[in-house]
Amino acid sequence: KLPTITLIASPDDAITPVLYAKTSGMFERAGLDVEITKGSGGAAVTAAVVGGSYNIGHAGLLALLTAHIHHVPVVIIAPGAYFQPQNPYAGLLVSTTGGITTAKDLNGKIVSSATLGDLSTVAIMSWMEANGGDPKSLKFVEIPMGAAGAAIEANRVYAASVPEPFLDAALQTGKVKMLGTAYAAIASHY
């Protein structure tokens, strides 16, 4: 019998590579039986691992940095993603019919992120500032990244930074377009 590892992952994009590893047999080939639970966000995932409820967590970078700053004993064992601007894994989406063409057009608008205060939130605010918008004027709401494209189409939000595989699926509808690459405003690669 393979050793069992309990793993909790943040919702949507963060859980996708973990589920792929499970369904493709990667964990089993590595000699592990991995039980996966979907968490509610990076902070909750980090707390669940630190508290001993799970062996491993797949959380966003901001949750891990926050834990480190507060001297919570967390260790990164592997990256979940590597951002490179020439091959972005996420795009800042807006409606094709909403008239949003610049960062200034988003001033005062409602935008979404999977978890308030996550890396996507920081990325959108950084992109706004770098492109002449007012990031402090944005109003953020939580919407799962897999549902963000539909929320833009339904005019519930004006924009969202959406990662793969949800990015391609949303763009294929023809109802949303990519306004920019918000994550590139944070750094050239990380």
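Rings of Phe, Tyr and Trp (for Trp, the six-membered ring) count as a pair if their centres lie within 6.5 Å, and the pair is called stacked with planes under 30 degrees apart, edge-to-face with planes over 60 degrees apart, and tilted for the rest. A search of the whole structure turns up one aromatic pair. The partners are Tyr-89 and Tyr-183, in a tilted arrangement with 5.5 Å from centre to centre and 40 degrees between the planes. This pair ties together distant parts of the chain, 94 residues apart: Tyr-89 sits in the loop between α4 and β4, and Tyr-183 in the segment after β8 (176-180). Tyr-89 is partly exposed, with a relative accessible area of 22%, whereas Tyr-183 is buried, at 4%. Here buried means under 20% relative accessible area, exposed over 50%, and partly exposed in between (1.4 Å probe, protein chains only).

A word on the model itself: it is predicted, so local features need pLDDT of at least 70 and side-chain atom pairs count only at pLDDT 80 or more, while totals for chains, interfaces and linings use all residues. Residues are numbered from 1 along each chain as its sequence is written, and side-chain values use heavy atoms, with hydrogens and water left out. Helices (H or I, at least four residues) and strands (E, at least two) are DSSP runs, numbered from the N terminus.

Next comes a helix pair. Helix α3 (residues 42-50) packs against α4 at an angle of about 50 degrees, and their axes are 8 Å apart. The axes are lines fitted to C-alpha atoms, for helices over the stretch in contact, with angles from 0 to 180 degrees between N-to-C directions. The two helices are therefore oblique to each other; angles under 35 degrees would count as roughly parallel, over 145 as roughly antiparallel, and 65 to 115 as roughly perpendicular, with oblique for the rest. On the α3 side, Gly-42, Ala-43 and Thr-46 meet Ala-63, Leu-64 and Ala-67 of α4, where contact means heavy atoms within 4.5 Å.

The loops hold some backbone details too. A cis peptide bond, with omega about 5 degrees, joins Glu-164 and Pro-165. Pro-165 belongs to the loop between β7 (159-163) and α7 (166-172). His-71 is not a glycine, yet has a positive phi of about 60 degrees; this residue lies in the loop between α4 (61-69) and β4 (90-95) and is exposed, with a relative accessible area of 73%. Asn-155, also no glycine, has a positive phi of about 60 degrees. The loop between α6 (145-153) and β7 holds Asn-155, which is exposed at 61% relative accessible area.
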